[in-house]
Amino acid sequence: MATDSFLLPVSDVVEETAEAHSIVFDLPDDLKDAFQPKPGQFLTVAVPSDRDGLAARCYSLSSAPGDPLTVTVKRTADGYASNWICDNLRPGDTLRVLPPSGIFTPADIDADLLLFAGGSGVTPIISIARTALREGKGRIVVFYANRDERSVIFAEEWARLAAEHPDRLQVVHWLESVQGLPTPEQLKAFAADRLTYDAFVCGPAPFMKATVAALKELEFPRARRHQEKFASLGGNPFGEIAPVEEAEAEVVEAPEGVARQPVELEIELDGTTSTFDDWDPGTPMLEFLEAKGVKAPYSCREGECSACAFRLLEGEVKMVRNDVLEQEDLDDGIRLGCQSLPTTDTVRGTYS
Ligand SMILES: Cc1cc2nc3c(=O)[nH]c(=O)nc-3n(C[C@H](O)[C@H](O)[C@H](O)COP(=O)(O)OP(=O)(O)OC[C@H]3O[C@@H](n4cnc5c(N)ncnc54)[C@H](O)[C@@H]3O)c2cc1C
């Protein structure tokens with residue numbers, strides 16, 4: 001088991017709708033430092049499996065920082081982990097989890113926020129809204145799409161928050177059963193007067209596609225448009241991490257297009273800058289940093305989530321796999337640490 005996964009006790013299970021359960025964790029005092037979530041981040045959980053030992057899945061926190069740590073899981077038709085969680089987890093059980101990670105989080109909590117959620121995509125969205133209402137000063141508009149009224153997660157909580165903050169929060173519920181699927185034109189109309197806001201989009205793929213298309217057509221600035229894709233991890237980030245010698249011994253030859261000799265790496269994490277001059281070009285940056293004792297963030301280790309994202313400041317890397325970053329992210333210098341092999345003799349980057 002990786003050293004930084006933790007067994008957390010479940011203190012409560014709340015049936016939010018017929019298909020969605022919130023799992024509330026009881027965070028022991030000695031783990032409070034390791035679990036300091038930002039709004040919109042997710043936990044990676046290890047769901048026990050007779051078949052594979054465990055199935056690793058990410059679940060966004062619906063709670064705001066400071067509240068009891070809570071994820072909200074909606075059953076996926078024919079899915080494994082979501083149904084296991086909803087069918088089996090009870091208060092008093094424990095679940096193995098990795099600490100919070102992810103970059104779907106507001107840079108400025110005082111900004112005006114334009115929040116789009118579809119179905120279970122509401123989970124990080126309500127975390128952001130709860131936090132911004134508590135700590136920020138801006139206006140918050142939420143467009144929340146669901147199949148029908150019974151599918152609406154946190155219906156009462158949204159009504160309560162809107163009643164408590166009538167001057168700051170507006171929630172628009174869009175029901176497919178009544179209005180049909182929202183079209184790009186309708187989404188554009190919703191966003192058109194809010195081009196100065198920071199946008200966050202999370203939901204099923206067609207909903208995200210329509211929303212992002214609408215924002216792009218409005219020329220909504222990429223720097224203020226954030227999206228979170230829900231997908232199941234293929235790999236297992238809970239497995240043993242190879243010790244230093246082993247990790248270095250695994251490297252045989254750097255792949256084509258990658259630097260040919262040890263590379264100089266300067267990386268900033270949580271305000272501390274570390275410098276190394278022996279990054280083997282065949283070793284992904286995350287693995288190299290772990291071997292050096294740097295606690296760099298990660299989750300899937302497969303290029304499928306963005307937990308390990310960092311920003312390049314100098315040099316270049318080649319990503320072996322990237323299922324999550326878009327061209328605009330790449331243009332902004334964002335790279336995935338778990339997939340990055342250096343292509344230049346010097347690389348400088350930051351996780352900030
Ligand atoms: C950043 C992020 C945040 C997310 N946040 C949320 C959230 O807040 N709420 C939410 O509901 N979802 C969230 N998701 C989606 C979530 O991680 C899962 O993708 C979703 O719950 C579907 O998983 P599933 O196992 O139920 O379904 P699937 O992944 O569709 O299940 C089928 C898969 O399970 C495998 N499988 C079948 N039987 C077994 C077995 N016995 N043992 C092991 N594997 C088996 C199959 O081979 C197949 O690969 C998030 C995803 C990401 C990336």
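Two strands count as paired if DSSP finds at least two bridges between them. Helices (H or I, at least four residues) and strands (E, at least two) are themselves DSSP runs, numbered from the N terminus. With that in hand, Val45 stands opposite Val97 in strand 6.

A word on the source: this is a predicted model, where local features need pLDDT of at least 70 and side-chain atom pairs count only at pLDDT 80 or more, while totals for chains, interfaces and linings use all residues. Residues are numbered from 1 along each chain as its sequence is written, and side-chain values use heavy atoms, with hydrogens and water left out.

- Strand 3 (42-49) is largely enclosed by the rest of the structure, because 7 of its 8 residues are buried; buried here means under 20% relative accessible area, exposed means over 50%, and partly exposed is in between (1.4 Å probe, protein chains only).

**Helix 1 and its cover**

- Helix 1 spans residues 81-88, and its buried residues are Ala81, Ser82, Asn83, Ile85 and Cys86.
- What lies over those buried residues? The cover includes strand 2 (20-25), strand 3 (42-49), strand 4 (53-60) and strand 5 (70-74), with contact meaning heavy atoms within 4.5 Å.

- Asp78 has a phi near 60°, a positive value in a residue other than glycine.
- Asp78 belongs to the loop between strand 5 and helix 1.
- Is Asp78 buried or exposed? Asp78 is exposed, at a relative accessible area of 83%.
- Phe154 is not a glycine either, yet its phi is positive at about 65°.
- The loop holding Phe154 runs between strand 8 (140-146) and helix 3 (155-164).
- Phe154 is buried, with a relative accessible area of 7%.

**A buried serine in a loop**

- Ser306 is found in the loop between helix 8 (285-291) and strand 14 (309-314).
- Which residues does Ser306 touch, leaving aside its neighbours within four places in sequence? Ser306 is in contact with Ile103, Glu228, Val324 and Leu336.
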